[in-house]
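Hi everyone, thanks for making time. Let me put the structure up, and then we'll walk through the chains.

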Amino acid sequence: MHELSIAINIVEMAEEEAERLGGKVEAVHLKLGALSGVVKDALFASYEMACEGTQLAGSKLVVEDIPVQVFCSVCRETRTLATIQHFCCPDCATPTSEIVQGKEIQVVALEIGSQ
Amino acid sequence: MTLAPRLVEVRKNVLKANDVVAHALRQRFGDSGVFVVSLVSSPGAGKTAFLEKTLTLLRRNYRVATLVGDLATENDAERLARSQTPVRQIVTGTLCHLEAAMVEKALGDWDLRSLDFLFVENVGNLVCPSSYDLGENLRMVLISVTEGEDKPLKYPTIFNSSDVAVVTKMDLAEAVEFDFATVHRNIQSVRPGMRIMCVSSKTGEGMASYLDFLGATLKEFRESRVATVDRAG
C-alpha cells in the first residue's frame, strides 16, 4: 500500500503550487498510467486521508486513466495495449517491450478557486 | 459572488523527488564503477537465501556488498553477514518498499570505488517497489517454484519494470510439479525478451551460469562507461 505516500506527494505538490498561484485548490487533475503500479481506488481513499488538515481538505481528485502504448517495430506505429498482461502489438502480434506511455503518475492541472 | 474555479496547467511528476535522487545515485554508481543490482520478490520467495549464496560465491572473485531493506527486523542483515561481506540494514518500519532517498541515506559517504557489485534487497512485495527507481543498474525479480505459474500475469507491473527474472527453489520443482514452460510463457507475455535463470540456493543448481551472467554484465557496464568517458573527452 504505497498509495498513501503517493497521495501525500500529490497534496504537498498541490499545496506548493497553490501558494505560488494564490487561491484554494478545489480539484487536482492526475494522469495515471496503467503501468504506474498505483491502484486507483486505493489512491482515492488515501487522497482523502492525505488532504485532512491541509488546505486541500474537501478537494477532489480527478484521475485520467492512461493506457499503455508501445511501439511496434514491424508496423512502425505506436499501438495501444488492451491489457498489461500481453505486451504484443494488437495488430500483428509481434512482442514488444518498447513502452511509449503508461508509467506516468503526473499532476497535470489544478482547479483553483478564490479564497 | 462565487467565481468559477480556474484551471491551471501544472505538469509535474508526482515521483519527481524520488527520480531526482535515483538519477544522482545512478550517476554516482557509474562514476564509482560499481554495478548495482536490486532484488524484488514476494515475501518468502528466497531473496535472502539466494543473496547469501550469491555473496558467498561472488566474493571469491569480486568485491561485493549489500543494502538490505526489512520492515522491522535485522534478521536478514544477520543472515547476509554470514557471507563475510559488508551489509548495511535499512529498517523501513511500516513502509512497504524502498525509495531512492533511503538508499542514499544508507550509503552515506561510503566510498563505492572499493566495490564491484552492490546488491540492494528490497522489501518482500510485488506491488509497491515497482513505482520507485532506486538508481540500480539491474532490477532482478525472483519467483519461487512454489508460488504458482501465473504470478507474472497477476503482477505484470513489477515483472515489466524488471530486467531479469530468477526462478528460485528449483530443488523443489519436481515436488510441486513446477511447470517451467508456463512460467516462461507468462513472463515473456508481460516482458518480451526477458532473460530467465533457474537456480537453487540450496543445491547450487544454476548458480554458475548466473554468476557468469553477472560477471559478463559487469564487464559490459565498465566498458560502456569507458566508451562514454572517451566520447565525453
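Let's start with burial in chain B: of its 233 residues, 44% count as buried, where buried takes 20 or more other C-beta atoms within 10 Å of the residue's own, exposed is 12 or fewer, partly exposed lies in between, and C-beta atoms are placed from the backbone. A word on conventions: this is a predicted model, where local features need pLDDT of at least 70 and side-chain atom pairs count only at pLDDT 80 or more, while totals for chains, interfaces and linings use all residues. Residues are numbered from 1 along each chain as its sequence is written, and chains are lettered from A and ligands numbered from 1 in the order in which they are written.

Staying with chain B, its secondary structure comes to eight helices and eight strands; these are DSSP runs numbered from the N terminus, helices being H or I with at least four residues and strands E with at least two. Its radius of gyration is 19 Å, close to the 17 Å from the globule rule for 233 residues, so chain B is as compact as a globular protein of that length. That radius is taken over C-alpha atoms, and the rule is 2.2 Å times the number of residues to the power 0.38. As for contacts (C-beta atoms, placed from the backbone, within 7 Å), among those in chain B between residues at least 6 apart in sequence, 75% join residues at least 24 apart.

Two pairs to look at on screen. Strands β3 (residues 64-70) and β4 (residues 87-91) of chain B run parallel over five bridges, and B:D70 has B:V91 as its bridge partner in β4(B). Five bridges also join β6 (residues 138-144) to the parallel β7 (residues 164-168) of chain B, where B:V141 partners B:A165.

Finally, chain A. It has two helices and six strands, in the pattern α-β-α-β-β-β-β-β along the sequence. A compact globule of 115 residues would have a radius of gyration near 13 Å, but chain A has 17 Å. Buried residues make up 36% of chain A.

Terms used. Pairing = 2+ DSSP bridges. Contact = placed C-beta atoms within 7 Å.
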